Amino acid sequence: MPEAAGHRVSSGACRDLPPELGPDAVGVLQGRTFMFSDAAGNVPRNSIGGLVHDDTRFLDQWELTVDDALPLVLSAGPVDFHSAAFFLANPELPGLPANRIGIRRQRFVGDGLYERIEVRYFGIEPVSCRLRLAVGTDFADLFEIKESGRNRTTDIVRRHEPDGSALGFLYRNGDYEAMVRVEAKPAAHRIDGDALVWDLHLERGERWGCQLWVPLRCGKDVYRPTVREFGHVFEHGPDDPSTRWAEEKPHLEADADLLYDVYHRSALDLVSMRIEKTIAGQPVVVIAAGLPWFMTAFGRDTLITSYQTMTCGREVASGALLMLADHQSTTFDDFTDREPGKIFHEYRTGELTQLGVKPYCPYFGGADTTALWLILLSEYWRWTGDAELPRRLRGNADAALRWIDRYGDRDGDGYVEYATRSPQGLGNQCWRDSPDGVQFADGTIPVLPIATCETQGYTYDAKLRAAELADGPWQDPALAQRLRAEADHLRERFNRDFWIPERGGYYAVGLDGDKRRIDSMTSNMGHLLWSGIVPEDRAGQVAAQLMSDEMFSGWGVRTLSTADAGYNPIGYHVGTVWPHDNSIIAAGLARYGYREEANRIALAMLQASSYSQHRLPEAFSGYDRSFGREPVPYPTACNPQAWASGAPLLFLRTLLGLQPRDGELHADAQVPAELGRIRLSRVAAGGRRWDIEAAGTECTVRPAG
């Protein structure tokens, strides 16, 4: 009997956790380092907060108190993506009225943590008080932060300096080693357990300050923070891939402040999530999936984000292609779901992964990543005209195509299916990878293996795009002919086997292990339009379903129809609204000529961002727009998240109808009246730069001066 998809171990993607730090929690990040705290800047014990680097939590407590009382919050929030400021005051204390002591905390992450604490006294009479910073670490693996994990207390060695200048914590487990120090200047007057304590005597108007450095060691790698100021960013050389990507990003001018603000916020967030690596001696940049749980490379997320951001230059796409090709599987391994030619799903570096408890070094449980890698390789070539990289990666592409036909199609029925072989593996290996993400309309969970509809669409598109590469830089016409024939055959069978004529006609989300149509109505239909696998005579039915009251919330297309039994507006994949999903849907609608519907989605998403500081989070709750004036947040959404930040860039491309062709950039704009005129300067395509200006359906494209 095939196994039910929901019975496997759930992934970190499914986060049914309360926001213990409160709705005003503050997160800052830089590369693979992030810190989450409450609005006072504190991290209490037994929360999901703390300082995390490379999938290890180095601080799980960071609590500042005045005479053992928590300070009052006046104002708090991020300043830049890597810095935050907290303005606090003392609560009512014996002999000290509230709001007499003002406290400012300035926090910076990157190569560890640097924090400044400044105290000012506004009372009339002199006062003595005790400032205490309680510090703790559990060295938890990222997976243990979200779940119960091993208590490492007895294995943590403390090396505190007796003069109060530093606290030190060291942890070893076999070959795994991690260290964190908290260095204080001025030194604390005393150390109390794992806390630094300063005894302050303050006159009216007096100021006191302290600097805190938190260096880290992961194995042999040592990270030390530097003194920072607000507005300062890490400096990179002119040849750094992050610098090149930022410089290549087109300049946007727009009549609508909304579009301008969303565009620039998205670009800033994408840079904040960058990971810099060296592949075969070449520095590259890739985008991590999202804060807090996914500050690492994900196959699917990284590839789709790279696709969304192609108008901003080649660096992110080339980095993703090279990094994923470098880790492409060449062997079998049940524990990691590894198969020859497969592109990985997720890469982790924490203790549980390094010691072989978790299968993420890397883990290959993604049925769609291999086809998406081929799609991005094609998209890179279409936009850049660079034939060298596709030629360099020809062997990886051949291996990817072999995986699709030989191992992706598990039972020879012509469809790519998934079913994990790992006891730690994902039950669902598509983008809806929570345990209940794929279900029947009556809410029951299908049995494995499952062939989801969008994976077949990606496969269809990948084969057609690989055929273009075979005609072009690969110079292999026989391969091109074979791939086009295979794609045509897949399209024919798919439209026979996945189409459901009931409920007005729609596509099943998948076929289960018994080859039954999984009949829930989902947003994945929009991905089918994006891939081009839908016949023209069915595109109208799909568009109508996507824009129906059951699917379209007013803020975007829901992941699951409200008419299905499993619908839940705050269910991770069963009723929420995802910006990345909607960006793909809008691009698919525009591909088939449904521009008005595409614009309606794009405009709704842009408007939704105005309620979250012009940042689109991972997901919104699926409540109807009439339910409230604002989109209801999904409680534990990644924020920022890479493919959500990439969504506005793909929306903009869709609004302008941008397509590279024959070394030139073509546009077919249909800009909503609400957005007025758009000017996008220095878009890279075909080895040249282009300026675009559009309003309504009027559009000009000219070589940049």
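Helices (H or I, at least four residues) and strands (E, at least two) are DSSP runs, numbered from the N terminus. The views below come from a predicted model, in which local features need pLDDT of at least 70 and side-chain atom pairs count only at pLDDT 80 or more, while totals for chains, interfaces and linings use all residues. Residues are numbered from 1 along each chain as its sequence is written, and side-chain values use heavy atoms, with hydrogens and water left out.

**View 1. His345 in its loop.** Look for His345 in the loop between helix 5 (315-326) and helix 6 (351-354). Is His345 buried or exposed? His345 is buried, with a relative accessible area of 2%; buried means under 20%, exposed over 50% and partly exposed in between, using a 1.4 Å probe and protein chains only. Contact means heavy atoms within 4.5 Å. Setting aside neighbours within four places in sequence, the contacts of His345 include Phe298, Arg300, Tyr363, Thr369 and Asp433.

**View 2. Helix 7, from end to end.** Helix 7 covers residues 369-384, and its 16 residues should span 22 Å at 1.5 Å a residue. The expected span is 1.5 Å times one less than the number of residues. The end C-alpha atoms of helix 7 are 22 Å apart, which agrees. Of its 16 residues, 14 are buried, so helix 7 is largely enclosed by the rest of the structure.

View 3. A pocket is an open set of points on a 1 Å grid over the protein atoms alone, with protein on both sides within 12 Å along at least five of seven lines; a cavity is a set where a 1.4 Å probe fits but cannot get out, and lining residues have an atom within 4 Å of a point. Grid points are joined across faces, edges and corners, and a volume is the space filled by probe spheres set on the points. The second largest pocket holds about 580 Å³ of space. Its lining has 25 residues, and Tyr307, Ala587, Arg591, Arg653 and Gln659 lie nearest the centre. Which helix gives the most to this lining? Helix 10 does, with 5 residues.

**View 4. Nonpolar cores.** A nonpolar core is a set of buried Ala, Val, Leu, Ile, Met, Phe, Trp, Tyr and Cys residues joined through side-chain atoms within 4.5 Å. The largest has 159 residues, and Trp373, Tyr507 and Leu680 are among those with the most contacts inside it. Apart from this core lies another, of 51 residues, including Leu88 and Cys210.

**View 5. Leu252 and its neighbours.** Leu252 sits in strand 19 (residues 251-254) and is buried, with a relative accessible area of 0%. Tyr263 is 11 residues away along the chain, and the two C-alpha atoms are separated by 7.8 Å. Not counting residues up to four places away in sequence, Leu252 touches Tyr263, Leu652 and Leu680, among others.

**View 6. Backbone details in loops.** A cis peptide bond, with omega about 5°, joins Lys185 and Pro186; Pro186 is in the loop between strand 13 (176-185) and strand 14 (190-192). Another cis peptide bond joins Asn639 and Pro640, with omega about 5°. Arg503 is not a glycine, yet has a positive phi of about 60°. Arg503 is partly exposed, with a relative accessible area of 36%.
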